[in-house]
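Subject: Structure handover and notes

Dear colleague,

I am passing on the structure we discussed, together with my notes on it. Please read the notes with the coordinates open beside you.

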Amino acid sequence: GKHTCLVCLGTACYIKGAGQLLATAEHSLNVKAGETTLDGNVSLVTARCIGSCSMAPALIFDGEAVGNVNETVLRKQLEGWTN
């Protein structure tokens, strides 16, 4: 996709809610992990660990690591890409 949302599912991130963030992203984008939206705008991917455990839960938006992500931050980012 034009944009990429990578959700870290390493232990620290998962314990701090990355599983729920992934579910939120899947629902918001109407895709499953590993898929790209029908319009080709956003790809949703996962990683086992991105090495940013101190920032858990951590995601990478278009190559930029963002830490302490919550559902509000995630939704805002995805809306910016899909609207």
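This is a predicted model: local features need pLDDT of at least 70, side-chain atom pairs count only at pLDDT 80 or more; totals for chains, interfaces and linings use all residues.

Residues are numbered from 1 along each chain as its sequence is written, and side-chain values use heavy atoms, with hydrogens and water left out.

The sheet

An open sheet is formed by 5 strands in the order β2-β3-β1-β4-β5, with mixed pairing; helices (H or I, at least four residues) and strands (E, at least two) are DSSP runs, numbered from the N terminus, and two strands pair if DSSP finds at least two bridges between them. The edges are held by β2 and β5 (64-66), each of which has a single partner strand, so one side of each is left without a neighbour in the sheet.

Strand β1 (residues 3-8) runs parallel to strand β3 (residues 42-47), and 6 bridges join them. Along this pairing, His-3 has Val-42 as its bridge partner in β3, Cys-5 stands opposite Leu-44, and Val-7 stands opposite Thr-46. β1 is also joined to β4 by 3 bridges, and these two strands run antiparallel; here the bridge partner of Leu-6 is Ile-60. Of the 6 residues of β1, 5 are buried, which leaves the strand mostly covered; buried means under 20% relative accessible area, exposed over 50%, and partly exposed in between, with a 1.4 Å probe and protein chains only.

Strand β2 (residues 35-36) runs antiparallel to β3, to which 2 bridges join it, and Thr-36 stands opposite Ser-43 in β3. The hairpin of β2 and β3 has 5 residues between the strands, and in it Gly-40 takes a positive phi near 75°.

The helices and Val-42

Helix α2 (residues 18-29) lies across β1, β3 and β4 and runs at about 160° to β3; axes are lines fitted to C-alpha atoms, for helices over the stretch in contact, and angles run from 0 to 180 degrees between N-to-C directions. Helix α3 likewise lies across β1, β3 and β4, with an angle of about 160° to β1.

Val-42, whose place is in strand β3, is buried, with a relative accessible area of 0%. Leaving aside neighbours within four places in sequence, Val-42 is in contact (heavy atoms within 4.5 Å) with residues including His-3, Leu-29, Thr-36 and Trp-81. The C-alpha atoms of Val-42 and Thr-4 are separated by 5.6 Å, although these residues are 38 residues apart along the chain.

Side-chain pairs

The structure holds 1 aromatic pair, where rings of Phe, Tyr and Trp (its six-membered ring) pair if their centres lie within 6.5 Å, and planes under 30 degrees apart count as stacked, over 60 as edge-to-face and the rest as tilted. The pair is formed by Phe-61 and Trp-81 and is edge-to-face, at 5.8 Å centre to centre and with 80° between the planes. Because Phe-61 lies in strand β4 (residues 59-61) and Trp-81 in helix α3, the pair ties together parts that are 20 residues apart in sequence. Both Phe-61 and Trp-81 are buried.

A search of the whole structure finds 1 salt bridge, a term that requires a side-chain nitrogen of Lys or Arg within 4 Å of a carboxyl oxygen of Asp or Glu. The partners are Glu-71 and Arg-75, whose closest N and O atoms are 3.5 Å apart. These residues lie 4 residues apart in helix α3 (residues 71-82), so they are separated by about one helical turn. Glu-71 counts as partly exposed at 27% relative accessibility, and Arg-75 is partly exposed as well, with a relative accessible area of 38%.

The cysteines

The structure holds 0 disulfides, a disulfide being a pair of cysteine sulfur atoms within 2.5 Å. The sulfur closest to that of Cys-8 among the cysteines belongs to Cys-13, and at 3.6 Å it is too far for a bond; Cys-8 counts as buried, at 2% relative accessibility. For Cys-53 the closest cysteine sulfur is in Cys-49, and the distance of 4.1 Å is again too far for a bond, while Cys-53 itself counts as partly exposed at 44% relative accessibility.

With best regards
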